[in-house]
Amino acid sequence: MYDIVIVGAGPAGLTAAIYARRASKSVLVLEAKSYGGQIVNTPDIENYPVAAHISGYDFATKIYEQATFLGAKVVFDKAVDIKMNGDEKEVVTVGGSYVCKAVILATGSENRKLGVDGEDELVGRGISYCATCDGAFYRKKTVAVVGGGNTALEDALYLSDIAEKVYLIHRRSSFRGEESTVNRLKERENVEFVLNSSVTKLSAGKRLESIEVTDTAGNTKTLDVNGLFVAVGRIPENQNFGKIVNLDEAGYIIAGEDCLTSAKGVFVAGDNRSKSVRQLVTATADGAVAATEAVKYINSL
Amino acid sequence: MAVTEVTKENFESEVIGSDKLVLADFNATWCGPCRMLKPIIDEISEERDDVKVVSIDIDDEDELAEKYEVYSIPCVVVFKNGQEVCRSIGFKPKSEIEKLLGE
């Protein structure tokens with residue numbers, strides 16, 4: 001039996017592992033894919049205190065090494081359920097199950113899809129969810145970005161330096177993202193705003209060739225694009241735990257800054273928690289808080 | 001066997017002309033998920049004598065990336081007798097990369 005099972009080896013989960021190990025608790029971290037989570041896609045982190053520049057890969061690797069050096073065990077297996085047996089919890093995975101006293105859910109989030117026919121088949125053939133990863137393939141080409149938040153705005157700005165032409169498609173008339181970025185985009189001659197519009201159809205041969213957009217009045221037009229960058233938000237990966245802990249309407253686990261969920265002995269840390277600021281530094285902060293609360297809980301048993 | 005670095009000069013001889021199944025890893029140094037995948041690619045190259053594992057840096061070899069329609073990395077392409085059999089995009093666990101190679 002482990003003291004604490006942490007679901008997710010991103011910055012929140014691994015920070016929780018560091019704090020729990022330093023409190024001498026036995027720790028198992030379960031990870032469905034690779035350690036590091038979403039931050040691995042970021043080429044250069046510039047807003048984490050002390051490290052003025054660090055790549056997401058280096059950040060993830062350092063925190064992974066720190067956690068494992070301190071004695072956290074990491075198993076690459078996907079958690080699918082938690083069985084609550086009083087003070088004991090059993091975390092069920094695809095490959096087995098692990099009994100523990102406390103669980104920290106640090107599952108993070110995944111990209112929200114557009115939900116247009118053919119989207120999945122065209123990933124890597126014109127559709128992308130990561131402009132900084134795939135932008136380089138669209139040098140001197142025509143691309144579109146869909147979305148209205150900061151990610152969409154920053155993606156459009158980034159791509160406008162690479163691509164010949166960038167369409168920015170948003171279903172409303174104004175953006176949720178920062179105004180300063182919107183203003184910078186307006187100054188770019190190769191950026192065209194397509195507002196009050198949604199992508200309704202993808203046309204492709206071997207790869208994406210054009211998209212159909214429909215405006216709120218119902219008018220459609222076709223845009224010839226080589227690439228479509230989807231930045232319509234993220235979905236918390238809490239689907240398997242909705243029976244165990246209370247989720248809000250958007251699917252985030254309801255918890256305050258103390259990271260306590262509605263289930264005793266189950267804690268949450270990182271982007272899958274209901275909160276207003278989802279940043280690297282708030283994810284690691286959650287990890288520290290959730291681990292400390294979990295340790296307190298175990299010591300009270 | 002170690003992973004062979006492939007360029008457009010030796011792609012024909014190393015990949016197209018190979019008697020063995022070829023696992024081609026298209027990647028870039030700045031790509032985090034590519035670096036995550038690299039240890040898995042290295043392991044497969046050590047473990048599978050029946051597979052030739054090659055690496056293509058898409059920044060240096062943009063012509064190859066374009067020719068093989070690689071628009072997202074990491075991209076792993078399997079070639080058999082010079083023909084593409086299948087491909088996988090993004091970081092995948094080792095078991096899924098092994099599945100691409102079949103049995």
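This is a predicted model: local features need pLDDT of at least 70, side-chain atom pairs count only at pLDDT 80 or more; totals for chains, interfaces and linings use all residues.
Modeller: Helices (H or I, at least four residues) and strands (E, at least two) are DSSP runs, numbered from the N terminus.

Biologist: Good to know! Why are H1(A) and H2(A) called roughly parallel?

Modeller: The axes of helix H1 (residues 11–22) and helix H2 (residues 56–69) of chain A come within 8 Å and cross at roughly 30°. Axes are lines fitted to C-alpha atoms, for helices over the stretch in contact, and angles run from 0 to 180 degrees between N-to-C directions. Angles under 35 degrees count as roughly parallel, over 145 as roughly antiparallel, 65 to 115 as roughly perpendicular and the rest as oblique. H1(A) and H2(A) are therefore roughly parallel.

Biologist: Which residues make the contact of H1(A) with H2(A)?

Modeller: Residues are in contact if their C-beta atoms, placed from the backbone, lie within 7 Å. H1(A) brings A:Pro11, A:Leu14, A:Thr15, A:Ala17 and A:Ile18, and H2(A) brings A:Ile63, A:Tyr64, A:Gln66 and A:Ala67.

Biologist: How many of the residues in the contact of H1(A) with H2(A) are nonpolar, polar or charged?

Modeller: Ala, Val, Leu, Ile, Met, Phe, Trp, Tyr, Cys and Pro count as nonpolar, Asp, Glu, Lys and Arg as charged, and the others, Gly among them, as polar. That gives seven nonpolar, two polar and no charged residues for H1(A) with H2(A).

Biologist: How many residues are in contact between chain A and chain B?

Modeller: Here 20 residues of chain A touch 14 residues of chain B. H2 and helix H3 (131–134) of chain A each supply at least two residues of that side of chain A. Its residues divide into seven nonpolar, eight polar and five charged.

Biologist: What makes S12 and S14 of chain A edge strands?

Modeller: Two strands pair if DSSP finds at least two bridges between them. The open sheet S12-S13-S14 of chain A has three strands in antiparallel pairing. Strand S12 (197–204) and strand S14 (220–224) each pair on one side only. Strand S13 (residues 208–215) of chain A and S14(A) are antiparallel partners over five bridges, and A:Ser210 faces A:Asp224 in S14(A).

Biologist: How do you know that S9 and S15 of chain A pair, and in which sense?

Modeller: Strand S9 (residues 142–146) and strand S15 (residues 227–230) of chain A share four bridges in the parallel sense. A:Ala144 stands opposite A:Leu228 in S15(A). Both strands belong to the open five-strand sheet S8-S15-S9-S10-S11 of chain A.

Biologist: What makes A:Lys140 stand out?

Modeller: Its phi is near 65°, a positive value in a residue other than glycine. A:Lys140 sits in the loop between H3 and S9 of chain A.

Key. Residues are numbered from 1 along each chain as its sequence is written. Chains are lettered from A and ligands numbered from 1 in the order in which they are written. Two residues are in contact if their C-beta atoms, placed from the backbone, lie within 7 Å.
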